Amino acid sequence: MARPKRNLLATAQETSSPPSSLDNNHAIARVRKAEGKNLYLVELPKRTDPLLVELPARFRSQIWIKRGGYVLVDTAAFLDRDNKLDGEIVNVVREEKEWRKQSYWPAEFVKKSTYPEDSEDETSTVGKMPPSDDSDGRD
C-alpha cells in the first residue's frame, strides 16, 4: 500500500528550508557515492576519510539523493552502537542557494565556476582564422 500523500508533502516541506543554526553534532556533508541499502558514503569538509551514513526511513522512496549533492549529517546518532555506520542523514539539501546563504555553510564547499577565468597570458583563438600556409617560407 502506498504512503499517504500528506507524508510526502510533510517531508518535502521539512527539507525545503535550512535550519537557522546547527547542533554541535550536525555537519553538512557532500555525497560521494551510494553504497546501496540506503547507505551513502559522504565527505565532511575538514576530514579526509569518508563517512558511511544511513538514510532514515522517513526519507526513503520520497527524497532522492544524487552524487555530489549535500546532506545534513548527525555524527552522534550511532555512537552508542558498535557497527560500521558513522552517522545518520538528518536533512537533505534541496534548495542549495538558500543553504549557501547560511553562516554555517562550510567554506570548503564553495560553488566553483563552470568556466575558469581567462588569464591575460593566454590569447583566445575562438572566432579567429587558423594561420595561413603562406608563412612557412615556400615560394
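**Close-ups of a predicted model**

View 1. Arg100 is partly exposed, as its relative accessible area comes to 23%. In this predicted model, Arg100 pairs up with Glu96 in a salt bridge, and the closest N and O atoms sit 2.6 Å apart. The two are four residues apart in helix 2, so about one helical turn separates them. Glu96 also counts as partly exposed, at 25% relative accessibility.

**View 2. A salt bridge between Glu108 and Lys46.** The closest N and O atoms of this pair are 3.8 Å apart. Glu108 belongs to the segment after helix 2 (96-100) and Lys46 to the loop between strand 2 (39-43) and strand 3 (51-54), so the bridge ties together parts that are 62 residues apart in sequence. Lys46 is exposed at 74% relative accessible area, while Glu108 is partly exposed at 40%.

View 3. Glu54 and Arg60 meet through their side chains at 3.2 Å, N to O, with Arg60 partly exposed at 25% relative accessibility. Arg30, Arg32 and Glu43 are joined in a salt-bridge network.

**View 4. His26 in strand 1.** Strand 1 covers residues 26-36 and includes His26. His26 has a relative accessibility of 17%, so it counts as buried. Leaving out residues up to four places away in sequence, His26 touches Leu72, Val73, Asp74 and Val90.

Key:
Residues are numbered from 1 along each chain as its sequence is written. This is a predicted model: local features need pLDDT of at least 70, side-chain atom pairs count only at pLDDT 80 or more; totals for chains, interfaces and linings use all residues. Side-chain values use heavy atoms; hydrogens and water are left out. Buried means under 20% relative accessible area, exposed over 50%, partly exposed in between (1.4 Å probe, protein chains only). Contact means heavy atoms within 4.5 Å. A salt bridge is a side-chain nitrogen of Lys or Arg within 4 Å of a carboxyl oxygen of Asp or Glu.
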